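Thank you all for coming; I would like to take a few minutes to go through one model with you. Please have the sequence and the structure open while I talk.

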Amino acid sequence: KQWFNAEYGDLTPELIKTLQLICGNILCPALELVDKEAIWKVKSSQGRSVFQIRSENEQYTCLKREMYCHCRGFSDTVINKRTVFLCKHLLAVFIACALDKVHVDVREPEFVENLLQFSIT
């Protein structure tokens, strides 16, 4: 799949090459998540929000501002090994936000707070 066609107008070939150099092998899986429209912003009526990656086989919670994801890849490669600076889920969140390809799910404040609690435990 080529992500620099008209469907993704902001992702030029030059930008894709730059992202590939910076992000390495997580770029394609991140773009696939964006392509599958798996990025959700879950926000409360009080303004708190988290991002969720919702796909067939996985659901992960990401905190964009804090640059955190509760997936195993994040804890292994970002926190423990320090070989990369973000996981495919966080990269997908940033790309989806830049392309305005994020679904929004408004929930009760307690629901969002529970997601926050779960993602950091």
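Let me begin with a convention for residue classes: Ala, Val, Leu, Ile, Met, Phe, Trp, Tyr, Cys and Pro count as nonpolar, Asp, Glu, Lys and Arg count as charged, and the others, Gly among them, count as polar. What we are looking at is a predicted model, in which local features need pLDDT of at least 70 and side-chain atom pairs count only at pLDDT 80 or more, while totals for chains, interfaces and linings use all residues. Residues are numbered from 1 along each chain as its sequence is written, and side-chain values use heavy atoms, with hydrogens and water left out.

With those classes in hand, we can turn to the largest pocket. A pocket here is an open set of points on a 1 Å grid over the protein atoms alone, where a 1.4 Å probe fits, with protein on both sides within 12 Å along at least five of seven lines, and a lining residue has an atom within 4 Å of a point. Grid points are joined across faces, edges and corners, and the volume is the space filled by probe spheres set on the points; for the largest pocket this comes to about 230 Å³. Its lining divides into five nonpolar, two polar and five charged residues, including Lys41, Gly47, Phe51, Glu66 and Leu116. Helices (H or I, at least four residues) and strands (E, at least two) are DSSP runs numbered from the N terminus, and on that basis S2 supplies the largest share of the lining, three residues.

Val42 stands opposite Val50 in S2. The two strands form a hairpin with four residues between them, and Gly47, in the turn, has a positive phi of about 100°. S1 is also joined by five bridges to S5 (residues 103-107), in this case parallel, and Lys41 has Val104 in S5 as its bridge partner.

Next comes helix H2 (residues 27-35), where Leu27, Ala30, Leu31, Leu33 and Val34 are buried, a class that means under 20% relative accessible area, against over 50% for exposed and in between for partly exposed, with a 1.4 Å probe and protein chains only. These residues lie on the same side of H2 because they cover an arc of only 155° around the axis, the arc being that of the directions from the helix axis to the C-beta atoms. They pack against helix H1 (13-23), S1, S2 and helix H4 (88-98), contact meaning heavy atoms within 4.5 Å.

Is His89 buried or exposed? His89, in helix H4, counts as buried at 3% relative accessibility, and, leaving aside neighbours within four places in sequence, it is in contact with Leu33, Ile53, Glu58, Tyr60, Cys62, Cys69 and Cys71. His103, in strand S5, counts as partly exposed at 26%.

Note on methods: Pairing = 2+ DSSP bridges.
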